[in-house]
Structures are given as C-alpha cells and as structure tokens.
2 protein chains.
Amino acid sequence: MALANRDKPEDWTLLMLRIASFLVTASATIVMALNKETKTLVVATIGSNPVTATLTAKFQYDPAFVFFVVANGITSLHNLLMIVVDLFRHKFNERGICLVMIPIFDMLIVALAAAGDGAATFIAELGKNGNSHARWNKICDKFGPYCDRGGVALIASFIGLGLLLVITGLSIIKLQTKPKPSNDVSVP
Amino acid sequence: MALANRDKPEDWTLLMLRIASFLVTASATIVMALNKETKTLVVATIGSNPVTATLTAKFQYDPAFVFFVVANGITSLHNLLMIVVDLFRHKFNERGICLVMIPIFDMLIVALAAAGDGAATFIAELGKNGNSHARWNKICDKFGPYCDRGGVALIASFIGLGLLLVITGLSIIKLQTKPKPSNDVSVP
C-alpha cells in the first residue's frame, strides 16, 4: 500500500496540510462561483406608485472575481494532484524528478493564488467602502448577503494560501535535509 | 574579494537576475508612487460661462495602488538584501542557514508581489473599462497619462515577479543539486 511507506511524521504532516489546503481552496472556489443575489429595489416614485428595478449581483460581473474563481480552482486541482503524487510518490521518486519539482510547482501556484486573492480583496473592499475620489459607490449596502458570502470565500482562500506557503516552505526544507532520491527507492 | 568566490556560471546568472529583478521592481515602485495627474474639467455651463472643476488622480486615492507600492517596495528591498547576502554568502554559508532560507523568503515575497500585482491590475482594469453592472464608470478616458504610467508600473512589476519566480525556481534546484553547506566553506 502507498500509505504504508509514510513512516516519517513530517510526511503525514505535509499530507494533512495538503488535504486541508485542498478543502479550503475548493470551498472558496465553490462559494464564490455560486455567489449570486437578486434584489428588487425602488428606484423612483411616480405619484404614489413606486417604480422598481430588479438588480442582480453575481461573481461573473466582475473580472477580479472570475479570476479569483479560476485561480482558486487551479489551486484546488493542483493540491488534489499533489495529494495523488504524494500517495504514489514511491513511483515518482524512483525517477528522481518529483522531489524538486513539487516546491517549484507549489511556488507558481502560490503566485497565482496570491494574485487572485489580491485582486478579489481590493475589489471586495471597493464594493464594501466605495471610492469617493473615483465616484465608485459601494454596493454592499444593497447586497449584504452577496458581500458576506464573498467575504467567506476570501477568508477560505487566504487560509488555503497560508497552508500552501507552509507546505512549500516545508518541502523546501525537506529538499535540503533529505538524502538524494536515487538512494530512496521504496518497495511498493 | 566577495566577487572572486563566484566561480560557477549559475552563480553569476542568479546574481544578474536578482539585480534585474531589483531594478524593475524598484522602477515599478517609483513610477507608481509618483503617479499623479491634475486636470481641469468643464462640469456644467451656466449661460455661456463654463463651470470648471479641478480633479486630481493619484495613487494614494486607491488602496490597491497603495498596496502595490508597499508590496513592490518590500520586494525591491528584499532583492537588494539578497544581493548583499549573495555578495557575502561565504560568511552566511558557513552557518548553513542561508541556502535554505533564501528560496523560502523568496517564496513569501513572490506571494506579496503577486497579491500586489493582482490587486493593482484589476483596479486598473476597472479604471480603464469601468463596470456597468456596479455602475462604476471608467476614469482612464479623463486621466489618460495617469493610466499609462500606471500601466508601465504594472508591466515593470510583472517582469520583476517573473524574474523572482525564475530566481526562486533556480534556488530550489540549486538546493537539490548542491552539496551540503558544511562542506562548502570558502576562504574569504
């Protein structure tokens, strides 16, 4: 069994962190991708008759949120792939490629996830507070639950990014301390 | 001399990449930090007299651009510090800490720089195109040169981030291939 080769505590720690990172980034992706709110507002009154307009807020309306969903989706898939690689690492380690490529791919994904988080955070901040200089009005006073769900997705994504930073740091340290992979062939 | 210890071609490549990354991220910081445009616009006409208003666009007006300047400033300082560490690495390598800490710090800075770039890019996109759903009007039609300079800062910052990704990747590979630092004490 692949799991039987996992004899060191740090291997278990890395796998658990990776699973946690996958779960929170996947949750962030799903929460943001399903984020939609429709609201009917009174925009004017003619005589005593209110004139209403139905407004919808959804993540697709802002490129930053679309990028956030794509970035977090790719981060989740990367985490899932790395879990699979970790479970079958004895097959990859024989080739000696795996160990050095994992932190490099992790780092690229860190850059992508951080860019997505940065973009979505500052657009969310704009939605919450507006910007009087640019005359961009806040929208969270009208779409409270939409903004709350977006906030939850952001927090989850930041936790996932933090975990990924820890994982990459540990992988780099492991690279320094571990003997060369050619001496590390496991029996399946 | 510290430079005399640099006998391998990849050491020179890393140092050159680091200097290039420092120069472009420092340029991005400066260009964005100095980005300001004041314009007098006709906002109304009373009779035949135009009513004007003086509007100013500057980076401090948007939190994303402030974050971009801070992130790129820290990235520049990190690059500068790493250049110093690289020039005097024989002193650090004796302790065996340096080699593994460099890619870890680099990765944290990659996350910071990527978040800054993501934030500024999507706010810049909003300034350029607006967002009809949120009723956020574009501002680049009024502040063209301001937006152009912001674009230059963004491009420079992305080049700096790309170089940092290459540097971190190479540092990780170096970690895998290099003998342990305890055997690598240089004579100053």
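Confidence in chain A of this predicted model is lowest in helix α3 (residues 89–93), where the mean pLDDT is 71, and highest in α2(A), at 94. Averaged over chain A, pLDDT comes to 86, with 87% of the residues at 70 or more.

**Confidence**

- The scores for the model are ipTM 0.85 and pTM 0.86.
- One stretch to read with care is residues 181–188 of chain A, where pLDDT stays under 50. For this stretch the model has eleven contacts beyond four places in sequence.

**How the two copies are related**

- Two copies of a chain are related by a rotation about an axis and a shift along it.
- Here, chain A is superposed on chain B by a rotation of 180 degrees, with 0.0 Å of shift along the axis and an RMSD of 0.0 Å.
- This is the relation of a two-fold axis.
- Both copies use the same surface, since 100% of the contact residues of chain A recur in chain B.

**Where chain A meets chain B**

- Chain A brings 39 residues to the contact and chain B brings 40 residues.
- Together the chains bury about 3,500 Å² between them, and carbon and sulfur atoms give 74% of that area.
- Three residues of chain A to find in the structure are F122(A), W136(A) and Q176(A). They supply 22% of the area that chain A buries against chain B, more than any other three residues.
- Between chain A and chain B there are zero salt bridges, while six residue pairs are in polar contact, with both residues at pLDDT 80 or more.

**What the touching side of chain A is made of**

- Helices α2 (63–87), α4 (98–129) and α5 (144–177) of chain A each supply at least two residues of the side that touches chain B.
- The largest share of that side comes from α4(A), with 16 residues.
- Sorted by class, the side of chain A that touches chain B has 26 nonpolar, eight polar and five charged residues.

**Salt bridges**

- Over all chains, the structure holds four salt bridges.
- In chain A, the side chains of D106(A) and R18(A) meet in a salt bridge, at 2.9 Å from N to O.
- D106(A) lies in helix α4 of chain A and R18(A) in helix α1 (residues 9–33) of chain A, so this pair ties together parts that are 88 residues apart in sequence.

Conventions
Residues numbered from 1 in each chain as written. Chains lettered and ligands numbered in written order. Heavy atoms only, no water. Contact = heavy atoms within 4.5 Å. Buried area = accessible area lost by both parts, 1.4 Å probe. Polar contact = N/O pair within 3.5 Å; in protein donor to acceptor, adjacent residues only side chain to side chain. Helix = DSSP H or I, 4+ residues; strand = E, 2+ residues; numbered from the N terminus. Nonpolar A, V, L, I, M, F, W, Y, C, P; charged D, E, K, R; others polar. pLDDT = per-residue confidence, 0-100. Least-squares fit on C-alpha atoms with pLDDT ≥ 70 in both.
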